[in-house]
Amino acid sequence: ALWADSVIALDATNPQLASRMARAMDRWSSLAEPYRAAARAAIHRVAETASLSGDVREVVTRALAVG
């Protein structure tokens, strides 16, 4: 949840840095449960943000497609 809040807040001021931070969840599908479910929910929450920049949207969409 902290990761999602941080990415969403940072995206408003610095989309490039937010997209780098979003890459931290690229390997969420290799986590053990219940961490995998929490990571997927956090990524999904970021992806559903209406005002998301293209940079971050691309990263989280790719991350969700992997899992």
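This is a predicted model: local features need pLDDT of at least 70, side-chain atom pairs count only at pLDDT 80 or more; totals for chains, interfaces and linings use all residues.
Local features need pLDDT of at least 70 and side-chain atom pairs count only at pLDDT 80 or more, while totals for chains, interfaces and linings use all residues. Residues are numbered from 1 along each chain as its sequence is written, and side-chain values use heavy atoms, without hydrogens and water.

User: How far apart are the end C-alpha atoms of helix 4?

Analyst: Helices are DSSP runs (H or I, at least four residues), numbered from the N terminus. The expected span is 1.5 Å times one less than the number of residues, so the 13 residues of helix 4 (residues 54-66) should span 18 Å. In agreement with this, the separation in the model is 19 Å.

User: Which residues of helix 4 are buried?

Analyst: Buried means under 20% relative accessible area and exposed over 50%, with partly exposed in between (1.4 Å probe, protein chains only). On the other side of the helix, Gly54 and Ala65 are exposed. The buried residues of helix 4 are Val56, Val59, Val60 and Ala63.

User: Which side chain of opposite charge is nearest to Asp11?

Analyst: Asp11 lies in helix 1. Asp11 is buried yet has no salt bridge, that is, a side-chain nitrogen of Lys or Arg within 4 Å of a carboxyl oxygen of Asp or Glu. Lys and Arg count as positive and Asp and Glu as negative, with His and the chain ends not counted; at 7.3 Å, the nearest is Arg57.

Notes
Helices (H or I, at least four residues) and strands (E, at least two) are DSSP runs, numbered from the N terminus.
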